[in-house]
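Let's work through a few exercises together, with the solutions set out step by step. Have the viewer ready, and try each task before reading on.

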Amino acid sequence: MSEGAILLLGATSDIGGEIAERICAGRRVVCAMREPERDGRGASVEKRLLAAGAQRVTTLDFDAADLESHRPLVERAMEEGEVTTAIVAFGILGDQELAEREEQEAVRIGTVDYLAQMSMLTVLADVMRRGEIYAFSSIAGWRARRANYVYGSTKAGLDAFCQGLADRLHGTDLHLITARPGFVIGSMTTGMKPAPLSVTPDVVADAVVDAAARGKSTTVWIPRSLAALAFVMRLVPRPIWRHMPR
Ligand SMILES: NC(=O)c1ccc[n+]([C@@H]2O[C@H](COP(=O)([O-])OP(=O)(O)OC[C@H]3O[C@@H](n4cnc5c(N)ncnc54)[C@H](OP(=O)(O)O)[C@@H]3O)[C@@H](O)[C@H]2O)c1
């Protein structure tokens, strides 16, 4: 069976770009992103993927916060043939301090990092017949931290959603790869002090692409040693936990 197309959602994502670059050789890629014309950023994603061997790259305007647009966008990506890899790479860290004072910021983070993820994953799982979907949880969702509980709560919800969706897909030819990275040094964390066990986007991409090659749904801690830290995190008493940095 020939390999189908790749749908990269949030095409300027550091992690999403690294994944697409690794798997795009000989395949059609549909890049869905906000404002592809701005500063030629759509063109530069296209150039990068063509250089990595993509057969053809097209770009679609996509705002994840516009939930109604999700199904038509996926259908459009499928017009020229089956999509067999979807990378749900859009996401925002948001402004935690602002979100503590202004509910609009909390809702903005919740919309992009939870509602839009749920919505898009539901559409993809409904429409795709085979292949894999990459979704991005985070250590931030493992145990909510005072310092970033708004973002963390969306990742907790998304992670739970992904565990259930993986079970729903069990026995089918469509697999869900749920990534649980720790701190990733890149655009999202610019200006922040790297946390212990930090990785770079290429490390995340290597880990999830390897996991997908095993041909079944799975959840991947990145780096792997983060699983041990996560175990300890749940044991820390709340009076101490409350003071943890983000
Ligand atoms: N970086 C980390 O430390 C880290 C750790 C754990 C998990 N993760 C998760 O991994 C995923 C990818 O992160 P990353 O490090 O690759 O982040 P990134 O480089 O900042 O990329 C995030 C992407 O999301 C896009 N985006 C944001 N809001 C959007 C919207 N409303 N509609 C469409 N696209 C939108 C951004 O596009 P614009 O350029 O238009 O803003 C950007 O392309 C995210 O879910 C993130 O939460 C990241």
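**Exercise 1. Find out how the radius of gyration of the protein fits a compact globule.**

Start with the rule: 2.2 Å times the number of residues to the power 0.38, with the radius taken over C-alpha atoms. For 246 residues a compact globule would therefore have a radius near 18 Å, and the protein agrees, at 18 Å. Next, look at the box filled by the C-alpha atoms: roughly 55 × 40 × 30 Å along the principal axes. Finally, 49% of the 246 residues count as buried, meaning under 20% relative accessible area with a 1.4 Å probe, protein chains only.

A note before going on: this is a predicted model, where local features need pLDDT of at least 70 and side-chain atom pairs 80 or more, while totals for chains, interfaces and linings use all residues. Residues are numbered from 1 along each chain as its sequence is written, and side-chain values use heavy atoms, without hydrogens and water.

**Exercise 2. Describe the shell around the ligand by class.**

First, count: 28 residues surround the ligand, each with a heavy atom within 4 Å of it. Thr 12, Ser 13, Arg 34, Ala 64 and Tyr 151 are the closest. Then sort them: 14 are nonpolar, nine polar and five charged.

**Exercise 3. Which atoms of Arg 41, Ala 64 and Lys 155 face the ligand?**

Take Arg 41: a side-chain N or O atom is 2.8 Å from a ligand oxygen. For Lys 155, a polar side-chain atom lies 2.9 Å from a ligand oxygen. Ala 64 instead uses a polar backbone atom, 2.8 Å from a ligand nitrogen.

Technical notes
Near = heavy atom within 4 Å. Polar contact = N/O pair within 3.5 Å; in protein donor to acceptor, adjacent residues only side chain to side chain. Nonpolar A, V, L, I, M, F, W, Y, C, P; charged D, E, K, R; others polar. Buried < 20%, exposed > 50% of the residue type's maximum accessible area, 1.4 Å probe, protein only.
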